[in-house]
Amino acid sequence: VTDWYPQGKTSGRSRFNLPGKMAWAVMESPAIVVMLYCMFTIPTAQGIELPLANWVMATLYTIHYIYRALISPLFLNPSMSPIHPVIFISALSFQIINATCIGGYLAGYGPTAAEDWAGTAPRIAMGIIVFFAGFLGNIYHDDELREIRRASARAQKRKLEAQGERSKEGKVDKVYKIPENGLFRWILYPHYFCEWIEWCGFWLIGGLACTPARNFVLNEVSTMLPRALNGRRWYIERFGAETVGSRKAVIPGLI
């Protein structure tokens, strides 16, 4: 419908823009806070002891967002583009609602007895494997993108030192390239694709009847797919169709 998406590589100039790193951390962190709040308050209020599987799912969810909301933006990313308040508010709202739905389900309004998970050990094990395959793939491809900025920062520092100047700490010029490693050989947004795999594994752990996990996957795809398609058009405009080549946006060989 529109190519307007004021965040990341398509971020634009606006007097209302928020600093990328801090805005990202603040808008994603409620996922951790709300999940932990649900898991440590609802069972106590209802007088129940949750099965191990509930804690496994809550732990996996929290691990993802510790990386996504805190470690990635605040410690790993050399720089991040400004984020428009519209994106900030939308993401913040989604994280609160999504964590409330999943946390509420896991903490007391879904399966709350060991019998509810009877016979599901193979499915849970497979789901954990799929989750971590997606999670590690997500980290790997994120780091391929970070390396572009890190290489730019190193080159920028060498250039300034050669001129007898000092580089400004934390200041990295925007540089965009198409990575060549991993799934970047076939798609432009493998970090999106791997995140979908990750949350499909999460859904698999909970089972097809786990409505909050299913809705999370559907929300991820419905919001990230248009961004990936828009991003592919951006890559073509910036680098040319010949450079982009046969790479799809987000699903190898399909889209």
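A: Two rings of Phe, Tyr or Trp (for Trp, its six-membered ring) count as a pair if their centres lie within 6.5 Å; planes under 30 degrees apart are called stacked, over 60 edge-to-face, and the rest tilted. By that rule, a search of the whole structure finds 20 aromatic pairs. One of them joins Tyr61 and Tyr65: the centres are 5.0 Å apart and the planes are 50 degrees apart, which is a tilted arrangement. The model is predicted, with local features needing pLDDT of at least 70 and side-chain atom pairs counting only at pLDDT 80 or more, while totals for chains, interfaces and linings use all residues. Residues are numbered from 1 along each chain as its sequence is written, and side-chain values use heavy atoms, leaving out hydrogens and water.

Tyr61 and Tyr65 sit four residues apart in helix α3, about one turn of the helix. Helices here are DSSP runs of H or I with at least four residues, numbered from the N terminus. Both tyrosines, Tyr61 and Tyr65, are buried, a word that means under 20% relative accessible area (1.4 Å probe, protein chains only).

A second pair is made by Trp199 and Phe202: their ring centres are 5.2 Å apart and their planes meet at 85 degrees, so this pair is edge-to-face. Trp199 and Phe202 belong to helix α6, residues 190-206, where three residues, about one turn, separate them. Trp199 and Phe202 are buried as well.

Ring pairs also connect these four residues into a cluster, Tyr61, Tyr65, Trp199 and Phe202 being among its members. The cluster includes Tyr67, Phe94, Phe131, Phe132, Phe135 and Phe216 too.

Definitions and conventions
Helix = DSSP H or I, 4+ residues; strand = E, 2+ residues; numbered from the N terminus. Buried < 20%, exposed > 50% of the residue type's maximum accessible area, 1.4 Å probe, protein only.
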